[in-house]
Amino acid sequence: MKFIPQSSTERIRCYRVLDDNGQPITNRNFVQISEEVAVKMYSDMATLQVMDTIFYEAQRQGRISFYLTTIGEEAINIASAAALHFDDLIFPQYREPGVLLWRGFTLQEFANQCFGNKADYGKGRQMPIHYGSSKHNYITVSSTVATQLPHAVGAAYALKMDGRDACTVTYFGDGGTSEGDFHAALNFAAVMEAPVIFICRNNGWAISTPVSDQFRSDGIAVRGQAYGVGSIRVDGNDALAMFSAVEAARRIAIDEQRPILIEALTYRAGHHSTSDDSTKYRPAEEIEWWRIEQDPVSRFRKWIESNGWWSDEAESKHRTTIRKQLLDAIQVAETSEKPPITELFADVYDVPPSNLFEQERSLRETMNRHPQDFPSDFPF
């Protein structure tokens, strides 16, 4: 009689390409990338940092209601997006704006969504940072944790049935693996052999709950193995490692028609959102060490600089340009009209039922009775 032990004596190794100083580790196989791709990867990572700073400040000024940063997770965003194809469907959580940025979503489009104006594709009905764009194959963000995982598997199975040369990719945090949808999705994907890539951002915290209070397993990768899903653990702060792992995962998912799980180890170097103060549950010194010493953007910059592809002058010019463009975009978004009242009741039914017409009529009567409670320029 022999019981399988509750944990292995040896942890799953973590795939890395660059060391902490941005230098390639010897004897590591990785996908070679061109100067053009490398520079775009870095510039988009730097753009994310500028976006986070300015939008976060805008929320603190009361100009938008909510915001959530990607500080410390820029490499996971951009490097994974760079390794995918445009036809691949993205099922994000809420910390993947970099994927949209890589695919061409403009700063104005980001600002329109955060301010919920008439140009917002969600027509002002979503919280800020709940981006979505059909033309970029990016499914709209939902706050509900892990609901996107089964959706991604179902869509992947549809791609398989249609014989498409594409896969689906879904992102989630370590907290998402504590939800039932994670387990259902992995089992669904394994049994149906769906071409889907699961990318888990294991950043150590599910809001204020550390991973030590969530599970006793060796991280997330072993869970994929338990369900029969090929898995790998990657340094999520290493852009080259992330690019290589996702590029290989995509090839396997499509060529072999099976799912892959990527556990990207990182650290959430910002607060969970503007509704959170993470210094209440973790040391400020720890946050600062990760934000500065383990910054994935700085690590990748050292590598492209060592190749002669970037400079201090290029850095200053890029960040100054992005900051100006973003401030201009915010000014336009903030002064644009809001969506009309009718949009509150649209896009649910092909033919709206009578109760929705009644609700719209009641709302208009309420606004007319209490004009002091509504802006004078509020669009009807």
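Colleague: Let's start with helix α12. Which exposed residues does α12 carry on the face turned away from its buried side?

Modeller: Quick ground rules: this is a predicted model, where local features need pLDDT of at least 70, side-chain atom pairs count only at pLDDT 80 or more, and totals for chains, interfaces and linings use all residues. Residues are numbered from 1 along each chain as its sequence is written, and side-chain values use heavy atoms, with hydrogens and water left out. Exposed means over 50% relative accessible area, buried under 20%, and partly exposed in between (1.4 Å probe, protein chains only). On the face of α12 turned away from its buried side, the exposed residues are Ser354, Asn368 and Arg369.

Colleague: And within what arc do the buried residues of α12 fall, seen down its axis?

Modeller: The buried ones in α12 are Leu356, Glu360 and Met367. The arc is that of the directions from the helix axis to the C-beta atoms. The buried residues line one face of the helix, because they fall within an arc of 40°.

Colleague: Is Asn237 buried or exposed?

Modeller: Asn237 sits in the loop between β6 and α8 (239-255). Its relative accessibility is 3%, so Asn237 counts as buried.

Colleague: Which side chain makes a polar contact with the side chain of Asn237?

Modeller: A polar contact is a pair of N or O atoms within 3.5 Å; within protein, one must be able to donate a hydrogen and the other to accept it, and residues adjacent in sequence count only if both atoms are side-chain atoms. A polar atom of the Asn237 side chain lies 2.9 Å from the backbone oxygen of Gln294. The side-chain partner, at 2.7 Å, is Thr266.

Colleague: Last one: how far apart in space are Ser43 and Trp310, C-alpha to C-alpha?

Modeller: Ser43 is found in helix α1 (residues 35-60), and at 13% relative accessibility Ser43 counts as buried. Leaving aside neighbours within four places in sequence, Ser43 is in contact (heavy atoms within 4.5 Å) with Trp310 and His318. Ser43 and Trp310 are 267 residues apart in sequence, but in space the distance is 9.7 Å.

Definitions and conventions:
Helices (H or I, at least four residues) and strands (E, at least two) are DSSP runs, numbered from the N terminus.
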